[in-house]
Amino acid sequence: MNTLLSRLPALPDLRLPRGRRARMLRRCLAAALFLAGLLVLFLPPSARGAPATSTVVSARDLPSGSVLHAADVRTVALPDNLRPSGALAATDAAVGRLLSGAARAGEPLTDVRLLGNNLPVTGEPGAVTVAVRLADAAVAELLRPGQRVDVVAGADTTNSASVLARGASVVTVRRPDDTGNRALGPPQKGPLVLLALPTQVATQVAASSLERPVTVTLR
């Protein structure tokens with residue numbers, strides 16, 4: 001046996017000098033840590049061991065006043081420490097409701113961003129949303145989604161001031177610079193206010209707002 005081993009060719013010395021060996025070990029360790037970091041980065045929070053909850057986010061950029069459809073929202077798993085308070089957990093809770101302000105794609109949707117189901121615009125029969133421009137832009141600064149207002153038409157040469165509708169629900173307020181179309185020309189005067197009203201009343205309000213200045217009184 002010893003004779004056979006003695007006949008084998010001598011193996012090359014694979015030992016590296018101490019300095020080179022240490023540098024190589026450090027490089028291998030750094031590469032392994034880098035790959036592990038990439039793996040953790042692309043894993044979902046649940047796979048990383050962090051507590052995560054299903055959260056509804058916007059699937060695309062959405063303008064203020066949008067009625068949400070199934071294609072407008074999706075769910076993602078967000079870590080609980082990053083999940084905003086009041087965030088929705090299921091898309092069914094968002095579909096059919098109105099967005100009170102513009103939302104970017106991927107933005108979590110919370111209960112305060114969507115108008116409550118008590119508003120007639122969310123699907124109650126006989127109710128629609130009407131858009132009117134307020135004569136006094138300062139009044140729009142006081143309005144909030146869900147607030148109740150009375151719609152008043154100003155006096156003109158043939159008509160005196162009159163109440164067009166009572167108890168309208170404010171859906172949202174869109175100011176001229178909210179539209180994102182300033183490059184197409186100067187914005188129209190006055191903020192655009194969306195109001196939820198019964199169909200017959202909404203028709204009257206829409207027609208009157210084209211001919212007479214309109215404002216609202218707060219309840």
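## Asp61 and Arg104

Asp61 counts as partly exposed, with 40% relative accessibility. Here, buried means under 20% relative accessible area, exposed over 50%, and partly exposed in between, using a 1.4 Å probe and protein chains only. Arg104 is exposed at 58%. Their side chains meet in a salt bridge (3.1 Å, N to O), the term for a side-chain nitrogen of Lys or Arg within 4 Å of a carboxyl oxygen of Asp or Glu. Asp61 sits in the loop between strand 1 (52-58) and strand 2 (73-79), and Arg104 in the loop between strand 2 and strand 3, so this pair ties together parts that are 43 residues apart in sequence.

A quick word on what you're looking at: this is a predicted model, where local features need pLDDT of at least 70 and side-chain atom pairs count only at pLDDT 80 or more, while totals for chains, interfaces and linings use all residues. Residues are numbered from 1 along each chain as its sequence is written, and side-chain values use heavy atoms, with hydrogens and water left out. Helices (H or I, at least four residues) and strands (E, at least two) are DSSP runs, numbered from the N terminus.

## The Asp150 network

The structure holds four salt bridges. Asp150, Arg166 and Arg219 are linked in a network of them. Asp150 pairs with Arg166 at 3.9 Å, N to O, joining strand 4 to strand 5 across 16 residues. Asp150 also pairs with Arg219 at 3.0 Å, N to O; Arg219 is in the segment after strand 7, 69 residues from Asp150.

So which of these residues are buried and which exposed? Asp150 is buried, with a relative accessible area of 10%. Arg166 is exposed at 60%, and Arg219 is exposed at 61%.

## Strand 4 and its partners

Strand 4 is mostly covered, with five of its six residues buried. Strand 4 pairs with strand 5 in the antiparallel sense over five bridges; pairing takes at least two bridges found by DSSP.

## The cores

The largest nonpolar core has 21 residues, and Leu134, Leu143, Val151, Val193 and Leu195 touch the most other members. A nonpolar core is a set of buried Ala, Val, Leu, Ile, Met, Phe, Trp, Tyr and Cys residues joined through side-chain atoms within 4.5 Å. Strand 5 gives this core its largest share, five residues.

Leu195 touches, among others, Val128, Val130, Val149, Val151 and Val170, not counting residues up to four places away in sequence. A second, separate core has ten residues, including Val56, Leu68, Leu88 and Ala103.

Arg212 is in the loop between helix 4 and strand 7. Arg212 is buried, at 11%. Leaving aside neighbours within four places in sequence, the contacts of Arg212 include Ala153, Asp156, Asn159 and Ser162, where contact means heavy atoms within 4.5 Å.
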